[in-house]
Amino acid sequence: MIRTACPLDCWDACAITCDPARPDKLVATPGHPMHNGALCALLNKHMHETPRIETPRVDGREVSMGEALDAAAEALRCDNPLLWRGSGNLGVMQSVSNLLIAELGGTLTRGSLCDGSGAAGILEGRGVNRQLPPEQIAKADVVVVWGRNLPVTNAHLMPFIEGKKLVVIDPVRTSLAKRADLHIQLKPRSDVYLAILMARFTIMEDAQNEAWLERFGPDFDEFYDFTRSFRIKAILEYMGLDLDDMGDLLTYLQEERVVFLVGAGVQKYSIGHYALWAIDSLAATLGLFGREGCGVSYLGSSRQGFEDPFAVRTPTVPIATTPFERFETVLVQGGNPAASMPDSTRVVQALEQVKNLIYFGLYENETSALAHIVIPAKNFLEKEDLRLSYGHPNVEPMHKALESEIGISEYDFTAEMFRRLSLEGLRSEEEYLRIWQSQCLREGERLLLPDYEPLPYAEGFGEEGGEEFVFMDDFDDDFEDIKRLRKFRKKGPREAEDEYWLLTPKHAHSLNTQFRRAERVELSPSLGFAEGSRVRVLSEHGELELIVHLNEGLRRDCVLIHAGTPGLNRLTPSILSEEGENACFQEVKVRLEAL
């Protein structure tokens, strides 16, 4: 039996055990804190039933691995190759190819497709994005799940919230919302206003944590003045909520130990950093940082505290708006930009202009179909690696469990390119893994992030601790007219009734653009469309035809299309968030046409 870890882009990052004789029947490793005795269908079903790329190709012709690597090396001899890496596998050795691109004087990507805007908002207030250990979530009295669908994206956290008072804040009445003590079904993109308003009501009720604020929040009075610049009635109307909703929520927030579990959905907008900064500012008003059973959980920095041996200085371009057409050679590693990037019509056209498009990955997809060179990769059971997590502080060694003639690992690919291109300086794989592991903290046999703190921010904020929390004190929005929401402005025009907010949550049976991708649009029955009918969904960026599924838990002003749905990103904008250089998948309204 070989111990390893799930490689998938997921909060849970489960430790698993593989019997080499039955690799299709993986089991959860006993004793690991992040599993409930079972593994998800993505890992134990869909991954095994999805056909892998087994044979390399060059210009559509099947070739040997040696021929494909020769072709890749020749393509990388250009002046400025680009590496575009996806996030489908979270082992540290994925990044070893940075060293190759740096040696070639090439370009990497920066920013994020999923969480960069929210992370930027956290840095505004806290100065550093430390993870909230699940053990603290287990100690809470109240769990507020804010824009995060735990049964789909974070299923192994469910045991940690059992027996808690549960509040769900989400535009969709999800299965989790149905079992919650309180569901706040607010309008999409209005999370920042809800957080600001709740902070104001907390202060009006004299429920702020004065002792905590005196120590860590000296600028709190200025924040209160900022919250008072918004018109309560106008914001409630904008969010689609009322004072009773605010009162009910405030009751739960006044409990002794409260945890916010915040998902990426609240920050898929140009103002996404404001959403996390506002939520953090609310949490600071309540004094939730650095206290047992309290805190705010968002995607933490999985490499916080590490000295990264693969960090290089080289030119970069934003990953969400990459100008592929400017590069002669593009190496796509473990990703599918033709489908996963916003404004995919533009992206495909740009990829078609690339002279040498190399796809290096496990599965066929929209990008591999465009590639001139296709190189199959090893899967996680066929190589050594080290698994970090953005959901918990555990670090898991990933040991090789299987021998396979299929594919090549990221390290071996990089080593082959170094050899073929007569480059120097690459160390052994074993040495790189030792560098990573040697930096981890140890608790018995358990490896933890280097900067692990069982109670984050107990001694203050910033990289070294001891600093004060910085409250939100500014807000602007170019996408929506917010003048009517401020005290000193008149009410603006009503929203168009034939436009709908686009929601793009994850699907239970797919991950990014892998496995069983959804192919439908979910609508409120109140819109008058029939189950199973076809509609055209249109935005200013493109259009898409899908089959209708009626969802009674969806707000009337929303259209839900799961992330990974083929063609979804024809509808989404090629823009970056104001902070964090994040994709803004939901910064768009759509129209519907019956077919």
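In this predicted model, the buried residues of helix 4 are Gly 116, Ser 117, Gly 118, Ala 119, Ala 120, Gly 121, Ile 122, Gly 125 and Arg 126. Because 9 of the 11 residues of helix 4 are buried, the helix is largely enclosed by the rest of the structure. What the buried residues of helix 4 pack against is helix 14 together with strand 12, which covers residues 295-297. Directly after helix 4 comes Gly 127, and the phi of this glycine is positive, near 85 degrees.

Helix 4 spans residues 116-126 and helix 14 spans residues 272-285, and their axes come within 7 Å while crossing at roughly 45 degrees. On the side of helix 4, the contact is made by Ser 117, Gly 118, Ala 120, Gly 121, Ile 122, Glu 124, Gly 125 and Arg 126, while helix 14 contributes Gly 272, His 273, Leu 276, Trp 277 and Asp 280. Sorted by class, the residues of this contact between helix 4 and helix 14 comprise 4 nonpolar, 6 polar and 3 charged.

A second pair of helices is formed by helix 9, residues 191-204, and helix 11, residues 220-227, which pack at an angle of about 115 degrees with their axes 9 Å apart. Here helix 9 passes helix 11 in a left-handed crossing. From helix 9, the residues Ile 196, Ala 199, Arg 200, Ile 203 and Met 204 meet Phe 220, Phe 223, Tyr 224, Phe 226 and Thr 227 of helix 11. The contact of helix 9 with helix 11 is made up of 8 nonpolar, 1 polar and 1 charged residues.

Arg 555 lies between strand 26, residues 543-550, and strand 27, residues 558-560. Is Arg 555 buried or exposed? Since buried means under 20% relative accessible area, Arg 555 counts as buried at 15% relative accessibility. A polar atom of the side chain of Arg 555 lies 3.4 Å from the backbone oxygen of Met 239. If neighbours within four places in sequence are left aside, Arg 555 is in contact with Pro 171, Gln 185, Leu 186, Lys 187, Pro 188, Met 239, Gly 240 and Ser 524.

Definitions and conventions: Residues are numbered from 1 along each chain as its sequence is written. This is a predicted model: local features need pLDDT of at least 70, side-chain atom pairs count only at pLDDT 80 or more; totals for chains, interfaces and linings use all residues. Side-chain values use heavy atoms; hydrogens and water are left out. Helices (H or I, at least four residues) and strands (E, at least two) are DSSP runs, numbered from the N terminus. Buried means under 20% relative accessible area, exposed over 50%, partly exposed in between (1.4 Å probe, protein chains only). A polar contact is a pair of N or O atoms within 3.5 Å; within protein, one must be able to donate a hydrogen and the other to accept it, and residues adjacent in sequence count only if both atoms are side-chain atoms. Contact means heavy atoms within 4.5 Å. Axes are lines fitted to C-alpha atoms, for helices over the stretch in contact, and angles run from 0 to 180 degrees between N-to-C directions. Ala, Val, Leu, Ile, Met, Phe, Trp, Tyr, Cys and Pro count as nonpolar, Asp, Glu, Lys and Arg as charged, and the others, Gly among them, as polar. A crossing is left-handed if the near helix is turned anticlockwise from the far one by less than a right angle, and right-handed if clockwise.
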